[in-house]
Amino acid sequence: MKCRRCGARAQVNIRSANTAFCPDCFLLYFRRQVARAIEEWHMFTHDDRVLVAVSGGKDSLALWDVLLDLGYRAGGLYLDLGIPEYSDISREKVEKFAGDRGAHLLVVSLREEGLAIPHVVKFSPRGECASCGLIKRHYFNKMAGEAGYTVLATGHQLDDEAARLLGNILHWHEERLYDQAPVLPPVGKMVKKVKPLFRLGEMETAAYAFLRKLDYIMDECPYSLGAPYLKYKEWFSRLEEEFPGIKRNFYFGFLKRRLFRQPPREAENVCTECGFPAAEEKCSFCKLRERALAGRPRKPSSSFSSGPSQLE
Amino acid sequence: VPRVKVRRGGRVEKDVSLEVRTVRELLKELDLPADWVLVIRGQELLTPDEALRPEDEIEIRFAVSGGGR
């Protein structure tokens, strides 16, 4: 297989685009896809300070790497989840990445906050991933605002978005479709959120991380094993074998039809504790925090959830 | 016969020798979708049409992740 651009031996085959690239041309293609996503969706400019939520995994480190490479003022935020071994390894990878590049890194230890994930899940009525997501979103917004960042960027790529969209449609979580655009405007104290990797598949971010020799954590979070979201991804990959490009058609078709139509995102209510948007007097994060710090046991979850809303 | 290590997360899930001639045959044999994994030989990535040599040591690395972001 030859590189479409220069004719050298290809190393990355992108079936959905019926093309293949050698390492150098693939890295160029990858950067161009990210730059295109940023420009087309008006995500941010070179004047913005962009905070990248980094886990130590391939996607978030690839995103941080490519943003620095494109000349953006990108810092990182690492949330130490307090998961034995997994968090220690991932934190080390992130700190090394930031240190090697002289990039600004913020670290929040959930253990020090009394909210280490192994502790919180005992007191949460939500599933593990939903509880973790809720906590992450709170700290991402809090830290971005406090540190003067104007935009929060996450490493969600096409496979993440397609799998999440599928889950939301299968369960008719209509209200969650609003949050599936690659850009979410700021609401109240919450900063603008963007997903600059949405044009690229998961295999492409893995190939980028490999070719750039990024040292990322390969272990899965022990709490995510068996999550429905991973099943959707597997199902999509098998479907993609038969129908190359179907994942892209699915998510891009959703975007093209503007089915994510965002309602005015005004913060109607704010949490009396933290000041972030809330559906009730206290936001879900503050309620969970209160329960976890007080050591109150959880009530069983009443329904299956494929993932929490971005607002809560 | 190429020797293949399938790495999922940080651990080696499978370490086998398989009578396959190409990456495509290898993935078919292991029932793995091509866009789900990286196929690695040394410092290079292999595309599905790539021929495998009997002395090859191949690493298959799962691209998919789901949590901890």
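This section describes helix packing, nonpolar cores and selected residues in a predicted model.

Helix packing in chain A is considered first. Helix H1 spans residues 23-40 of chain A, and helix H8 spans residues 202-211 of chain A. Their axes come within 10 Å. They cross at roughly 125°. H1(A) and H8(A) are therefore oblique to each other. The crossing of H1(A) past H8(A) is left-handed. On the H1(A) side, the contact is made by Pro23(A), Phe26(A), Leu27(A), Tyr29(A) and Phe30(A). H8(A) contributes Glu204(A), Thr205(A), Ala207(A), Tyr208(A) and Leu211(A). By class, this contact of H1(A) with H8(A) holds 8 nonpolar residues, 1 polar and 1 charged.

H1(A) also packs against helix H2, residues 58-69 of chain A. The axes of H1(A) and H2(A) come within 10 Å and cross at roughly 85°. An angle from 65 to 115 degrees counts as roughly perpendicular, so H1(A) and H2(A) are placed in that class. Phe30(A), Arg31(A), Val34(A) and Ile38(A) form the H1(A) side of the contact. Val66(A), Leu67(A) and Asp69(A) form the H2(A) side. The residues in the contact of H1(A) with H2(A) comprise 5 nonpolar, no polar and 2 charged. Phe30(A) takes part in the contact with H8(A) and in the contact with H2(A).

A further helix pair in chain A joins helix H5 (residues 128-146) and helix H11 (residues 284-294). Their axes lie 10 Å apart, at an angle of about 115°. That makes H5(A) roughly perpendicular to H11(A). H5(A) passes H11(A) in a left-handed crossing. The H5(A) residues in contact are Ser131(A), Leu134(A), Ile135(A), His138(A) and Tyr139(A). They meet Ser284(A), Phe285(A) and Leu288(A) of H11(A). In the contact of H5(A) with H11(A), 5 residues are nonpolar, 3 are polar and none is charged.

The nonpolar cores come next. The largest nonpolar core contains 60 residues. Phe26(A), Phe44(A), Trp64(A) and Leu67(A) have the most contacts inside it. H1(A) gives the most to this core, with 8 residues. Phe44(A) touches Ile38(A), Val50(A), Leu67(A), Tyr72(A), Val151(A), Val194(A) and Pro196(A), with residues up to four places away in sequence not counted. Another core, of 38 residues, lies apart from the largest one. Its members include Leu134(A), Tyr149(A), Val187(A) and Cys274(A). Leu134(A) is also one of the H5(A) residues in contact with H11(A).

Two loop residues of chain A have a positive phi. Asn18(A) is not a glycine, yet its phi is about 50°. Asn18(A) sits in the loop between strand E1 (12-14) and strand E2 (19-21) of chain A. Its relative accessible area is 72%, so Asn18(A) is exposed. Glu85(A), likewise not a glycine, has a positive phi of about 70°. The loop that holds Glu85(A) lies between strand E4 (73-80) and helix H3 (86-101) of chain A. Glu85(A) has 57% relative accessibility and therefore counts as exposed.

Asn13(A) lies in strand E1 of chain A. With a relative accessible area of 16%, Asn13(A) is buried. Its contacts, not counting residues up to four places away in sequence, involve both chains. In chain A, Asn13(A) touches Met1(A), Thr19(A), Ala20(A) and Met203(A). In chain B, Asn13(A) touches Thr47(B) and Pro48(B).

Arg41(B) is placed in strand E3 (residues 37-41) of chain B. At 10% relative accessibility, Arg41(B) is buried. Leaving aside neighbours within four places in sequence, Arg41(B) is in contact with Leu46(B), Glu50(B), Ala51(B), Leu52(B), Arg53(B), Asp56(B), Glu57(B) and Ile58(B). Arg41(B) and Glu57(B) are 16 residues apart along the chain, and 6.4 Å separates their C-alpha atoms.

Lys5(B) belongs to strand E1 (residues 3-8) of chain B. Lys5(B) is partly exposed, at 35% relative accessibility. Beyond residues up to four places away in sequence, Lys5(B) touches Val12(B), Lys14(B), Asp15(B), Ile58(B), Glu59(B) and Ile60(B).

Terms used
Residues are numbered from 1 along each chain as its sequence is written. Chains are lettered from A and ligands numbered from 1 in the order in which they are written. This is a predicted model: local features need pLDDT of at least 70, side-chain atom pairs count only at pLDDT 80 or more; totals for chains, interfaces and linings use all residues. Side-chain values use heavy atoms; hydrogens and water are left out. Axes are lines fitted to C-alpha atoms, for helices over the stretch in contact, and angles run from 0 to 180 degrees between N-to-C directions. Helices (H or I, at least four residues) and strands (E, at least two) are DSSP runs, numbered from the N terminus. Angles under 35 degrees count as roughly parallel, over 145 as roughly antiparallel, 65 to 115 as roughly perpendicular and the rest as oblique. A crossing is left-handed if the near helix is turned anticlockwise from the far one by less than a right angle, and right-handed if clockwise. Contact means heavy atoms within 4.5 Å. Ala, Val, Leu, Ile, Met, Phe, Trp, Tyr, Cys and Pro count as nonpolar, Asp, Glu, Lys and Arg as charged, and the others, Gly among them, as polar. A nonpolar core is a set of buried Ala, Val, Leu, Ile, Met, Phe, Trp, Tyr and Cys residues joined through side-chain atoms within 4.5 Å. Buried means under 20% relative accessible area, exposed over 50%, partly exposed in between (1.4 Å probe, protein chains only).
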